[in-house]
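Hi,

Here is the structure I promised to pass on.

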Amino acid sequence: MQITEIYKSIQGESTFAGLPCVFVRLTGCNLRCSWCDSEYTFSGGQRMGVEEVIDEVEQLSPRGGLVEITGGEPMLQERELVAAIERLLEDGYTVLLETSGERPLKDVPKRVVKVVDVKCPNSGAPDTFRMENLEALTARDEVKFVLRDRNDYEFARDFVSRHQLAARVNAVLFSPAFRKDAAGTRDASHCLLDPRELAQWMLADGVPARLGLQIHKFIWDPALKGV
Ligand code: SF4
């Protein structure tokens, strides 16, 4: 597998936010989101076998716990990735898989929690979610929408309603996009969409979703990588 980094930190997003988590960040992505804060994953990294990845995770979190597979787009390395995920599940880890849903998800082991980031119109990668992946979602999974503006919000709101997402998955997450060049201050001024405005829209419409903030960007300098 081509790996950018493996490290332990606090999970910043999803319903697992706040928990200690080992992040396995795979190299390579086939999308180019305008607000992407992981452009350093697009190339480089190092080649690691499945066993080497498992060993590294076990060193960082020897007694099980939470592991997030992320990127880049991890599903671009599906064959080796599924083998690694099956090993982690066998060893008792809870595995989250962060993906855009552009690649087929039907062969991802069902015990994995998929966190699927459906790209909105102003992401720079609209219409990339593979609609057949709706059928691969389970009651463990979470669907995330990263929002820049009202147009993105209305897309997400209508998508949730049209596909009855709240009944399909464990959680629907609406999250303001964050400036990719954010640095220094650890506050909501770096959000491209004001969380307060988003909260007001969600309350007015009664959207069955939870507002999510990337809490790692409020704990550490938002410019820091590997935290
Ligand atoms: S899918 Fe993720 S890693 Fe790829 S460009 Fe978009 S935000 Fe960046």
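Let's start with helix 1, residues 50-60: its buried residues are Val53, Ile54 and Val57. Looking down the axis of helix 1, these buried residues fall within an arc of 100 degrees, so they line one face of the helix. Glu51 and Gln59, on the other side of helix 1, are exposed. As for what the buried residues of helix 1 pack against, that would be strand 1 (2-10), strand 2, strand 4 (65-70) and helix 2 (78-90). Do keep in mind that this is a predicted model.

Which of its residues are buried? They are Asp152, Tyr153, Ala156, Arg157 and Val160. Down the axis of helix 3, the buried residues fall within an arc of 130 degrees, so here too they line one face of the helix. The face turned away from that buried side carries exposed Asn151, Asp158 and Arg162. Covering the buried residues of helix 3 are, among others, strand 7 (142-147), helix 4 (165-168), strand 8 (171-176) and helix 5 (195-205). After helix 3 comes glutamine 164, with a positive phi near 45 degrees.

Now the core. The largest nonpolar core has 46 residues, and Val24, Val95 and Leu147 have the most contacts inside it. Strand 2 (residues 20-26) gives the most to this core, with 5 residues.

Tyrosine 93 is found in strand 5 (residues 93-99). Not counting residues up to four places away in sequence, tyrosine 93 touches Gly64, Gly65, Val67 and Leu88. Tyrosine 93 and valine 57 are 36 residues apart in sequence, and their C-alpha atoms are 9.8 Å apart in space.

Last, the ligand. The residues around it include Cys29, Arg32, Cys33, Cys36, Glu73 and Ser100. The shell around the ligand divides into 5 nonpolar, 4 polar and 2 charged residues.

Cheers

Notes: Residues numbered from 1 in each chain as written. Predicted model: local features only at pLDDT ≥ 70, side-chain atom pairs only at ≥ 80, totals over all residues. Core = buried A, V, L, I, M, F, W, Y, C linked by C-beta atoms within 7 Å. Buried ≥ 20, exposed ≤ 12 C-beta atoms within 10 Å, placed from the backbone. Helix = DSSP H or I, 4+ residues; strand = E, 2+ residues; numbered from the N terminus. Near = placed C-beta within 6 Å. Nonpolar A, V, L, I, M, F, W, Y, C, P; charged D, E, K, R; others polar. Arc of directions from axis to C-beta. Contact = placed C-beta atoms within 7 Å.
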